[in-house]
Amino acid sequence: MARAVGRSLAGPLLFLNLLMYLIVLGFASWCLNRFINGQTNHPSFGGNGATMYFLIFAILASVLGIISKLLGANHLRAWRNDSLAAAGSSALLAWAVTALAFGLACKEINIGGWRGWRLRVLEGFIIVLGITELLYVLMLHSGLFNSTYGPGYRDNEYGVGAPHGGVPGTGIAEKGTGYTGARV
(Lines give C-alpha, C1' and ligand atoms only; values in the text may rest on other atoms or scores of the structure.)
Protein backbone atom coordinates (compact mmCIF):
# COMPACT_ATOMS: atom_id res chain seq x y z
CA MET A 1 0.00 0.00 0.00
CA ALA A 2 2.82 2.40 0.80
CA ARG A 3 4.30 1.99 -2.68
CA ALA A 4 1.01 3.10 -4.27
CA VAL A 5 1.13 6.66 -2.90
CA GLY A 6 2.98 8.20 -5.87
CA ARG A 7 1.14 5.97 -8.29
CA SER A 8 -2.31 7.02 -7.08
CA LEU A 9 -1.38 10.70 -7.22
CA ALA A 10 0.32 10.61 -10.62
CA GLY A 11 -2.53 8.75 -12.36
CA PRO A 12 -5.19 11.50 -12.28
CA LEU A 13 -2.58 14.15 -13.03
CA LEU A 14 -1.44 12.15 -16.06
CA PHE A 15 -5.01 11.91 -17.36
CA LEU A 16 -5.69 15.62 -16.76
CA ASN A 17 -2.48 16.64 -18.56
CA LEU A 18 -3.27 14.31 -21.47
CA LEU A 19 -6.68 15.92 -21.96
CA MET A 20 -5.24 19.42 -21.73
CA TYR A 21 -2.47 18.60 -24.20
CA LEU A 22 -5.06 17.25 -26.66
CA ILE A 23 -7.09 20.46 -26.32
CA VAL A 24 -3.95 22.57 -26.80
CA LEU A 25 -3.05 20.59 -29.91
CA GLY A 26 -6.49 21.23 -31.40
CA PHE A 27 -6.56 24.95 -30.63
CA ALA A 28 -2.94 25.58 -31.67
CA SER A 29 -3.40 23.67 -34.94
CA TRP A 30 -6.53 25.67 -35.79
CA CYS A 31 -4.82 28.97 -34.94
CA LEU A 32 -1.66 28.10 -36.89
CA ASN A 33 -3.76 27.14 -39.92
CA ARG A 34 -5.54 30.52 -39.79
CA PHE A 35 -2.20 32.30 -39.32
CA ILE A 36 -0.61 30.57 -42.32
CA ASN A 37 -3.65 31.31 -44.49
CA GLY A 38 -3.39 35.01 -43.59
CA GLN A 39 -6.75 35.12 -41.83
CA THR A 40 -5.50 36.93 -38.74
CA ASN A 41 -8.40 39.38 -38.74
CA HIS A 42 -10.86 36.56 -38.02
CA PRO A 43 -12.94 37.68 -35.01
CA SER A 44 -11.83 34.75 -32.85
CA PHE A 45 -8.12 34.90 -33.70
CA GLY A 46 -6.18 38.20 -33.81
CA GLY A 47 -2.57 38.02 -32.66
CA ASN A 48 0.66 40.01 -32.46
CA GLY A 49 4.37 39.58 -33.21
CA ALA A 50 4.86 36.67 -30.80
CA THR A 51 1.88 34.66 -32.07
CA MET A 52 3.66 32.57 -34.68
CA TYR A 53 6.44 31.52 -32.30
CA PHE A 54 3.93 30.82 -29.55
CA LEU A 55 1.81 28.62 -31.81
CA ILE A 56 4.81 26.61 -33.03
CA PHE A 57 6.04 25.97 -29.49
CA ALA A 58 2.49 25.19 -28.30
CA ILE A 59 2.13 22.50 -30.99
CA LEU A 60 5.58 21.10 -30.22
CA ALA A 61 4.86 21.07 -26.48
CA SER A 62 1.51 19.36 -26.98
CA VAL A 63 2.91 16.63 -29.24
CA LEU A 64 5.78 15.94 -26.82
CA GLY A 65 3.32 16.05 -23.92
CA ILE A 66 0.99 13.51 -25.52
CA ILE A 67 3.87 11.12 -26.21
CA SER A 68 5.12 11.68 -22.67
CA LYS A 69 1.71 10.77 -21.27
CA LEU A 70 1.65 7.54 -23.28
CA LEU A 71 5.02 6.58 -21.81
CA GLY A 72 3.75 7.68 -18.40
CA ALA A 73 0.73 5.40 -18.73
CA ASN A 74 3.08 2.51 -19.47
CA HIS A 75 5.08 3.42 -16.36
CA LEU A 76 1.94 3.55 -14.20
CA ARG A 77 1.03 0.11 -15.47
CA ALA A 78 4.46 -1.42 -14.81
CA TRP A 79 5.67 0.84 -11.95
CA ARG A 80 9.30 -0.25 -12.25
CA ASN A 81 12.65 1.46 -12.57
CA ASP A 82 13.11 0.67 -16.24
CA SER A 83 9.79 2.29 -17.21
CA LEU A 84 10.54 5.23 -14.89
CA ALA A 85 13.56 6.17 -16.98
CA ALA A 86 11.52 6.52 -20.18
CA ALA A 87 8.56 8.22 -18.49
CA GLY A 88 10.73 10.57 -16.44
CA SER A 89 12.98 11.71 -19.27
CA SER A 90 10.12 12.27 -21.72
CA ALA A 91 8.10 14.13 -19.06
CA LEU A 92 11.08 16.36 -18.30
CA LEU A 93 11.54 17.14 -21.99
CA ALA A 94 7.81 17.85 -22.40
CA TRP A 95 7.91 20.16 -19.38
CA ALA A 96 10.94 22.03 -20.76
CA VAL A 97 9.22 22.72 -24.10
CA THR A 98 5.98 23.60 -22.29
CA ALA A 99 7.97 26.06 -20.17
CA LEU A 100 9.25 27.67 -23.39
CA ALA A 101 5.67 27.94 -24.66
CA PHE A 102 4.71 29.31 -21.23
CA GLY A 103 7.28 32.07 -21.63
CA LEU A 104 6.04 32.89 -25.11
CA ALA A 105 2.44 33.00 -23.83
CA CYS A 106 3.53 35.49 -21.18
CA LYS A 107 5.33 37.52 -23.85
CA GLU A 108 2.26 37.50 -26.08
CA ILE A 109 0.10 38.70 -23.18
CA ASN A 110 2.69 41.38 -22.33
CA ILE A 111 2.83 42.72 -25.92
CA GLY A 112 -0.93 43.10 -25.89
CA GLY A 113 -3.08 43.94 -28.87
CA TRP A 114 -6.21 42.21 -30.00
CA ARG A 115 -6.20 38.49 -29.36
CA GLY A 116 -9.31 36.45 -30.01
CA TRP A 117 -10.87 34.05 -27.55
CA ARG A 118 -9.12 31.02 -29.06
CA LEU A 119 -5.68 32.51 -28.53
CA ARG A 120 -6.57 33.57 -24.98
CA VAL A 121 -7.85 30.05 -24.21
CA LEU A 122 -4.66 28.59 -25.68
CA GLU A 123 -2.52 30.94 -23.57
CA GLY A 124 -4.45 29.95 -20.45
CA PHE A 125 -4.10 26.24 -21.15
CA ILE A 126 -0.35 26.57 -21.73
CA ILE A 127 0.07 28.49 -18.47
CA VAL A 128 -1.88 25.87 -16.51
CA LEU A 129 -0.02 23.04 -18.29
CA GLY A 130 3.33 24.56 -17.35
CA ILE A 131 2.39 24.19 -13.69
CA THR A 132 0.64 20.81 -13.83
CA GLU A 133 3.39 19.26 -15.97
CA LEU A 134 5.95 20.38 -13.38
CA LEU A 135 3.85 18.72 -10.66
CA TYR A 136 3.69 15.56 -12.78
CA VAL A 137 7.49 15.52 -13.23
CA LEU A 138 7.94 15.94 -9.49
CA MET A 139 5.46 13.08 -8.86
CA LEU A 140 7.40 10.77 -11.17
CA HIS A 141 10.70 11.60 -9.49
CA SER A 142 9.38 11.47 -5.92
CA GLY A 143 10.82 7.95 -5.55
CA LEU A 144 14.25 9.54 -5.80
CA PHE A 145 13.78 11.09 -2.37
CA ASN A 146 11.90 8.28 -0.60
CA SER A 147 11.16 4.80 -1.89
CA THR A 148 7.70 4.77 -0.27
CA TYR A 149 6.47 7.12 -3.01
CA GLY A 150 7.53 5.00 -5.95
CA PRO A 151 10.44 3.34 -7.69
CA GLY A 152 13.69 5.20 -7.26
CA TYR A 153 16.84 5.22 -9.28
CA ARG A 154 18.86 3.30 -6.69
CA ASP A 155 16.63 0.25 -6.17
CA ASN A 156 18.58 -2.97 -6.78
CA GLU A 157 15.97 -5.61 -7.42
CA TYR A 158 17.12 -7.05 -10.73
CA GLY A 159 20.30 -8.88 -9.69
CA VAL A 160 18.95 -10.68 -6.62
CA GLY A 161 20.13 -14.27 -6.32
CA ALA A 162 22.58 -14.24 -9.21
CA PRO A 163 25.27 -16.94 -9.11
CA HIS A 164 28.82 -15.99 -8.21
CA GLY A 165 30.49 -18.73 -10.19
CA GLY A 166 29.83 -20.80 -13.26
CA VAL A 167 29.45 -19.86 -16.87
CA PRO A 168 29.02 -16.08 -17.24
CA GLY A 169 25.77 -14.94 -18.82
CA THR A 170 24.06 -18.34 -18.71
CA GLY A 171 22.82 -18.52 -15.11
CA ILE A 172 24.43 -21.94 -14.69
CA ALA A 173 26.28 -22.20 -11.40
CA GLU A 174 29.31 -24.29 -10.51
CA LYS A 175 28.74 -27.75 -9.17
CA GLY A 176 27.95 -27.87 -5.47
CA THR A 177 26.84 -24.24 -5.00
CA GLY A 178 23.17 -25.13 -4.47
CA TYR A 179 21.98 -22.72 -7.14
CA THR A 180 20.05 -24.36 -9.94
CA GLY A 181 19.05 -21.58 -12.32
CA ALA A 182 18.15 -17.97 -12.92
CA ARG A 183 15.55 -16.36 -10.73
CA VAL A 184 12.61 -15.17 -12.82
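This report describes the helices, cores, side-chain pairs and surface of one predicted protein model.

## Basis of the model

The model is predicted, so local features need pLDDT of at least 70 and side-chain atom pairs count only at pLDDT 80 or more, whereas totals for chains, interfaces and linings use all residues. Residues are numbered from 1 along each chain as its sequence is written, and side-chain values use heavy atoms, with hydrogens and water left out.

## Overall architecture

The chain contains four helices and zero strands, and its elements follow the order α-α-α-α from the N terminus. Helices (H or I, at least four residues) and strands (E, at least two) are DSSP runs, numbered from the N terminus. Helix α1 covers residues 5-36 and α3 covers 81-111; helix α2 spans residues 51-78, and helix α4 spans residues 117-140.

Of the 184 residues, 37% count as buried. Buried means under 20% relative accessible area, exposed means over 50%, and partly exposed lies in between (1.4 Å probe, protein chains only). Among contacts in the chain with a separation of 6 or more, 74% join residues 24 or more positions apart; a contact means heavy atoms within 4.5 Å.

## The nonpolar cores

In soluble globular proteins, nonpolar side chains tend to be buried together. A nonpolar core is here a set of buried Ala, Val, Leu, Ile, Met, Phe, Trp, Tyr and Cys residues joined through side-chain atoms within 4.5 Å. The largest such core has 21 residues, of which V24, F54, L55, L119, L122 and I126 touch the most other members. Two or more residues of this core come from each of α1, α2, α3 and α4, and α1 gives the most, with seven residues. A second, separate core has eleven residues, including A10, A87, A91 and V137.

Which residues does F54 contact, leaving aside its neighbours within four places in sequence? They are A101, L104, A105, E108, L119, L122, E123 and I126.

## Salt bridges

A salt bridge is a side-chain nitrogen of Lys or Arg within 4 Å of a carboxyl oxygen of Asp or Glu. By this rule, the structure has three salt bridges. One of them joins E133 and K69, with an N to O distance of 2.8 Å. E133 lies in helix α4 and K69 in helix α2, so this pair ties together parts that are 64 residues apart in sequence. Both E133 and K69 are buried.

E123 forms a salt bridge with R115, with the closest N and O atoms 2.9 Å apart, and both of these residues are buried. The side chains of D82 and R80 also meet in a salt bridge, at 3.6 Å from N to O. R80 counts as partly exposed because its relative accessibility is 35%.

## An aromatic pair

Rings of Phe, Tyr and Trp (its six-membered ring) pair if their centres lie within 6.5 Å; planes under 30 degrees apart count as stacked, over 60 as edge-to-face and the rest as tilted. The whole structure holds one aromatic pair. The pair consists of F27 and W117 and is edge-to-face, with 6.0 Å centre to centre and 85 degrees between the planes. Since F27 lies in helix α1 and W117 in helix α4, the pair ties together parts that are 90 residues apart in sequence. W117 counts as partly exposed, at 42% relative accessibility.

## The surface

The chain exposes about 10,200 Å², of which carbon and sulfur atoms supply 67%. Accessible areas come from the Shrake-Rupley method with a 1.4 Å probe; for residues, only the protein chains shown count as cover. V63, I67, L70 and L71 form a nonpolar surface patch with about 330 Å² of accessible area together. Patches are made of residues with over 30% relative accessible area and no salt bridge: like charges are joined within 9 Å, and nonpolar side chains (Val, Leu, Ile, Met, Phe, Trp, Tyr) within 5 Å.

V63 lies in helix α2 and is partly exposed, because its relative accessible area is 40%. L70 also lies in helix α2 and is exposed, because its relative accessible area is 53%. L70 and L18 are 52 residues apart in sequence, while their C-alpha atoms are 8.6 Å apart in space.

## Two loop residues

W79 is placed in the loop between α2 and α3. Although W79 is not a glycine, it has a positive phi of about 55 degrees. Is W79 buried or exposed? W79 counts as buried, at 12% relative accessibility.

N41 is placed in the loop between α1 and α2 and counts as exposed, at 71% relative accessibility. N41 and G116 are 75 residues apart along the chain, and 9.3 Å separates their C-alpha atoms.
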